[in-house]
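Here's a quick tour of one chain, going from a single side chain out to the overall build. Have the viewer open as you read.

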Amino acid sequence: MEEMKSSATEGPSLAGKRGTFTGSFGFVLAAAGSAIGLGNLWRFPYLAAKDGGGLFLLVYLVLVLTFGFALLTTEVTLGRKTRQGPLTAYGKINKRWGFLGVLACLVPVIILPYYCAIGGWVLKYLATFLTFGGADAAQDGFFTGHITSFAEPIVWMIVFLGVSAVVVYRGVNKGIETTSRILMPILLVLIVGISIFALTLSYTDAQGVTRTGLEGLAVYVIPDFSGITLQQFLVVLTDATGQLFFSISVAMGIMVAYGSYARSDSNLMQSINRIEFFDTLAAMLAGLMIVPAVFVFMGVEGMGAGPGLMFVSLPKVFAAMGAAGPIVGLLFFLLVTFAAITSAVSIMEAIVSSIIDKFKLSRKKSVIITAMWALIAGLIVCLGYNVFYFELTLPNGAVAQILDVMDYASNNLFMPLLALLTCILFGWVVKPKVIIDEVEQGGKFKFQRRHLYVIMMKFVCPVLLAILLLQSLGLFTL
């Protein structure tokens with residue numbers, strides 16, 4: 001793959017100086033690293049198990065190649081065309097729609113603090129398995145005991161934030177790209193290795209029922225159409241659509257920021273196709289790694305654990321594996337740590353690039369401002385399980401604390417709203433030609449799926465996103 005020299009200053013660059021990825025490979029790895037995060041590792045397997053295994057996978061794959069492709073192409077191309085972070089990019093296309101930049105920057109501003117808090121939880125589990133405490137992690141109350149304690153979650157959150165900030169401070173090439181080049185191959189090797197191991201598992205429960213990893217694989221990949229109704233199919237469709245936000249990191253400002261660092265003479269469609277491939281492969285392997293293992297030791301019921309899957313159910317699975325459990329658990333949480341860092345870096349970079357472009361500050365000052373915000377808000381998130389504890393019922397019926405409220409606001413409200421308005425802007429206001437022309441570069445490159453892109457941006461994506469938004473607001477129930 002062709003490698004190109006960077007044309008910009010490295011590390012803490014002066015205001016107005018922008019880095020570029022050294023080539024398409026670095027860009028693809030950084031974008032894939034952003035997408036392979038905590039949401040993908042627990043949310044994708046959980047939804048796949050909940051929504052009929054193979055049926056969810058089938059719907060998801062179709063959506064990746066249509067819905068996800070359209071949004072990913074728009075955001076990456078917007079970034080490269082404007083050479084701006086998300087805060088200012090939309091205004092460069094149409095001044096009246098510049099408010100979308102505020103919304104695009106608001107999403108990572110909300111996500112970063114609570115993502116660092118969760119990243120701290122991951123580091124706590126990694127440290128626990130490193131010190132041979134896997135059996136303790138499997139005990140009832142271990143997770144709750146950690147997040148409700150006062151000092152420890154804060155300490156781990158600060159460590160996680162510090163690591164992420166150092167990577168972003170080092171810049172596009174020495175920081176983001178270099179880290180992605182190191183961590184992503186390790187991440188994929190760990191995912192593949194644990195996935196293969198999960199398929200070899202076998203366990204006989206107290207009732208004498210024996211379950212194997214291959215049976216778990218069948219639950220995961222074979223579509224279950226038995227008794228499927230239109231309403232159930234629509235649930236699968238909306239779940240898969242919502243998952244795409246996590247799987248390809250759209251509607252977070254991230255792909256706009258990363259697109260702004262793409263080379264002006266690079267083949268965008270080639271890069272976008274590769275990002276789609278790696279993101280989808282990682283998401284499906286995450287399911288292959290987790291679903292068979294949980295099925296073997298906890299049955300179908302164990303796969304419905306939702307957010308608690310990673311921190312509550314999986315440690316119990318590792319404990320049940322016997323001698324191999326501590327090693328597999330350590331490797332798993334090492335994998336999750338790498339995934340969390342690459343994602344946190346991308347979220348932070350979306351904010352930092354916006355500050356640099358809007359206020360002409362240096363990277364150093366922009367990183368310090370962003371890190372201070374994440375630290376202050378992250379402290380509040382950590383204290384949301386003790387000092388600031390409350391229970392609030394959200395419009396979707398979930399009972400929430402501070403972290404849940406921030407997650408709901410960013411993922412259930414602002415992200416689908418941003419994506420919907422982006423479709424209206426590029427589908428109907430400035431028209432798809434703006435994106436198509438930038439991709440094709442005067443006929444230099446081919447825009448594969450060009451007609452599909454137009455149809456998705458003008459008609460299909462807005463409808464799906466409107467349904468998602470209404471559902472999140474509790475105004476539409478399937």
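Let's start inside this predicted model. Setting aside residues up to four places away in sequence, T422 touches T74, Y90, L100, G427 and M457. T422 sits in helix 17, which covers residues 402-429. With a relative accessible area of 2%, T422 counts as buried, because buried means under 20%.

Is helix 4 (residues 86-93) largely enclosed or largely open? Six of its eight residues are buried, so the rest of the structure largely encloses helix 4. The buried ones are P86, L87, T88, A89, Y90 and I93. Their cover includes the helices below.

| Helix covering helix 4 | Residues |
|---|---|
| helix 5 | 99-130 |
| helix 12 | 254-259 |
| helix 15 | 325-359 |
| helix 18 | 433-440 |

Helix 3 and helix 17 are also part of that cover.

Y90 turns up again in the largest nonpolar core, which has 158 residues. Along with F56, F67, Y258, F332, L335 and F426, Y90 is among the residues there that touch the most other members. Take F67 from that group: leaving out neighbours within four places in sequence, F67 is in contact with T241, L244, M456, C461, L464 and L465.

Now for the outside. Which residues form a nonpolar patch on the surface? They are L58, V62, F225, I228, L230, F233 and L234, and together they have about 630 Å² of accessible area. Two elements give two or more residues each to the patch: helix 3 (54-82) and helix 11 (230-248). Helix 11 gives the most, with three residues. V62 belongs to helix 3, and at 48% relative accessibility V62 counts as partly exposed.

Stepping back, the chain has 19 helices and four strands. Its radius of gyration is 22 Å, close to the 23 Å the globule rule gives for 478 residues, so the chain is as compact as a globular protein of that length. Along the principal axes, the C-alpha atoms fill a box of roughly 65 × 50 × 45 Å.

Of the 478 residues, 59% count as buried. Among contacts with a separation of 6 or more, 78% come from residues 24 or more positions apart. The chain exposes about 18,300 Å², with carbon and sulfur atoms supplying 68% of that area.

Notes. Residues are numbered from 1 along each chain as its sequence is written. This is a predicted model: local features need pLDDT of at least 70, side-chain atom pairs count only at pLDDT 80 or more; totals for chains, interfaces and linings use all residues. Side-chain values use heavy atoms; hydrogens and water are left out. Patches are made of residues with over 30% relative accessible area and no salt bridge: like charges are joined within 9 Å, nonpolar side chains (Val, Leu, Ile, Met, Phe, Trp, Tyr) within 5 Å. Accessible areas come from the Shrake-Rupley method with a 1.4 Å probe; for residues, only the protein chains shown count as cover. A salt bridge is a side-chain nitrogen of Lys or Arg within 4 Å of a carboxyl oxygen of Asp or Glu. Buried means under 20% relative accessible area, exposed over 50%, partly exposed in between (1.4 Å probe, protein chains only). A nonpolar core is a set of buried Ala, Val, Leu, Ile, Met, Phe, Trp, Tyr and Cys residues joined through side-chain atoms within 4.5 Å. Contact means heavy atoms within 4.5 Å. The radius of gyration is taken over C-alpha atoms; the globule rule is 2.2 Å times the number of residues to the power 0.38.
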